[in-house]
Amino acid sequence: MPRPTAAQLAYGSCTVILSTLAMLLLSQTSSAAGIALIAVAALALGLLVALAVPVRRAAAPRTVPASPAARRTAQEPVGAASVSDN
């Protein structure tokens, strides 16, 4: 299982904190059951946000062609005609 990235942790944590505060202020609940329900809903929302953040994968290292001729061929655009073909 891959580890979460820093962006996923940051977005998820901010979502949990801000959504908890917003729901507590909007609902004006003071019961333990209401606070627990809000906390669970905020955690679920934070998890969904963290999973929705795209994960960047490291690019595979490029290999260098071995011969000089292979390097020239790799640098030419596809379908380019050389000067000596005419």
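Reader: In which helix is the place of T15?

Author: Helices and strands are DSSP runs numbered from the N terminus, helices being H or I of at least four residues and strands E of at least two. In this predicted model, T15 belongs to helix α1.

Reader: Is T15 buried or exposed?

Author: Buried means under 20% relative accessible area, exposed over 50%, and partly exposed in between, with a 1.4 Å probe and protein chains only. T15 has a relative accessible area of 18% and is therefore buried. Q8, also found in helix α1, is buried with a value of 11%.

Reader: With which residues is T15 in contact, leaving aside its neighbours within four places in sequence?

Author: Contact means heavy atoms within 4.5 Å. On that basis, T15 touches T20, L45, G46 and V49. V49 lies 34 residues from T15 in sequence, yet their C-alpha atoms are 7.3 Å apart in space. For Q8, with the neighbours within four places again set aside, the contacts are R3, A50, V53 and V55.

Reader: How is the packing of two helices described?

Author: Two packed helices are described by the angle between their axes and the distance between the axes. The axes are lines fitted to C-alpha atoms, for helices over the stretch in contact, and angles run from 0 to 180 degrees between N-to-C directions. Here α1 (residues 6-27) and α2 (residues 32-52) pack at about 150 degrees, their axes 8 Å apart. Angles under 35 degrees count as roughly parallel, over 145 as roughly antiparallel, 65 to 115 as roughly perpendicular and the rest as oblique. The pair α1 and α2 is therefore roughly antiparallel.

Reader: Which residues of α1 meet α2, and what are their classes?

Author: Among them, Y11, T15, V16 and L24 in α1 meet residues of α2 that include I38, L45 and V49. By class, this contact of α1 with α2 has twelve nonpolar, seven polar and no charged residues. Ala, Val, Leu, Ile, Met, Phe, Trp, Tyr, Cys and Pro count as nonpolar, Asp, Glu, Lys and Arg as charged, and the others, Gly among them, as polar.

Reader: How many helices and strands has the chain?

Author: The chain has three helices and zero strands.

Notes:
Residues numbered from 1 in each chain as written. Predicted model: local features only at pLDDT ≥ 70, side-chain atom pairs only at ≥ 80, totals over all residues. Heavy atoms only, no water.
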